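Biologist: Before I plan around this model, I would like to go through it with you, one question at a time. Could you put it on the screen?

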Amino acid sequence: MSGLGWRSRAGLVLVLLSAFLLFVQLASPSGPPAPGGPAYFDLRLMGNTLLRIPASGEGLAAALRAKRFFIALLPLAGGAFLLFLDTEAGGRIEKFIRDHLGEG
């Protein structure tokens, strides 16, 4: 591991974190939907409701589970990108970006 650069080490850490989050997400059962009256999915911006969609309890539970799944996939994407940058093709892309941004 001492031969790896900081990007590879950070990429491995992010991939392992994502694997743990995905394991927790997939191993935990989904909670029961909240009983009661009508539920609403609100989209708010700066305290104002932009959109209010009526939804069932099952629909809201599924939306929250999908959100947690998406959040668990974000570190995987970041880790994969950092690991990619240490490959030959990643080096070419890094050089291309540095040349076009004027940092080279």
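Modeller: Helix 3 is followed by Gly102, and the phi of Gly102 is positive, near 80°. Helices (H or I, at least four residues) and strands (E, at least two) are DSSP runs here, numbered from the N terminus. This is a predicted model, in which local features need pLDDT of at least 70 and side-chain atom pairs count only at pLDDT 80 or more, while totals for chains, interfaces and linings use all residues. Residues are numbered from 1 along each chain as its sequence is written, and side-chain values use heavy atoms, with hydrogens and water left out.

Biologist: How far does helix 3 reach from its first C-alpha to its last?

Modeller: Helix 3 covers residues 88–101, which makes 14 residues. The expected span of a helix is 1.5 Å times one less than its number of residues, and for helix 3 that expectation is 20 Å. The reach in the model is close to this, at 20 Å.

Biologist: Which residue forms a salt bridge with Glu88?

Modeller: A salt bridge is counted where a side-chain nitrogen of Lys or Arg lies within 4 Å of a carboxyl oxygen of Asp or Glu, and by this rule the count comes to six. The closest N and O atoms of the pair are 3.3 Å apart, and the partner is Arg92.

Biologist: Are Glu88 and Arg92 buried or exposed?

Modeller: Buried means under 20% relative accessible area, exposed over 50%, and partly exposed in between (1.4 Å probe, protein chains only). Glu88 has a relative accessibility of 66%, and Arg92 has a relative accessible area of 52%. By those cut-offs Glu88 is exposed, and Arg92 is likewise exposed.

Biologist: Which residues are linked with Glu94 in a network of salt bridges?

Modeller: Glu94 and Arg98 both lie in helix 3, four residues apart, and their closest N and O atoms are 3.1 Å from each other. Glu94 is buried, at 19% relative accessible area, whereas Arg98 is partly exposed, at 38%. The residues linked with Glu94 in the network are Arg7 and Arg98.

Biologist: How many bridges join strand 1 to strand 2?

Modeller: Two strands pair if DSSP finds at least two bridges between them. Strand 1 and strand 2 run antiparallel; Asn48 is the bridge partner of Leu45, and Pro54 is that of Tyr40. The bridges that join strand 1 to strand 2 number seven.

Biologist: What value does the phi of Met46 take?

Modeller: Met46 lies in the loop between strand 1 (39–45) and strand 2 (48–55), and this hairpin has two residues between the strands. Met46 is exposed, with 78% relative accessibility. Its phi is positive, in a residue other than glycine, and lies near 55°.

Biologist: How many of the eight residues of strand 2 are buried?

Modeller: Leu51, which is found in strand 2, is partly exposed, with a relative accessible area of 42%. Strand 2 lies largely in the open, because the number of its residues that are buried is zero.

Biologist: Which residue lies over the face of Tyr40?

Modeller: A charge sits over a ring if NZ of Lys or CZ of Arg is within 6 Å of the ring centre and within 35 degrees of the ring normal. For Tyr40 the distance from the ring centre is 4.0 Å, and the residue over its face is Arg52.

Biologist: How far apart in space are Val13 and Leu76?

Modeller: Val13 has its place in helix 1 and, at 53% relative accessibility, counts as exposed. Val13 and Leu76 are 63 residues apart in sequence, while in space, C-alpha to C-alpha, their separation is 9.6 Å.
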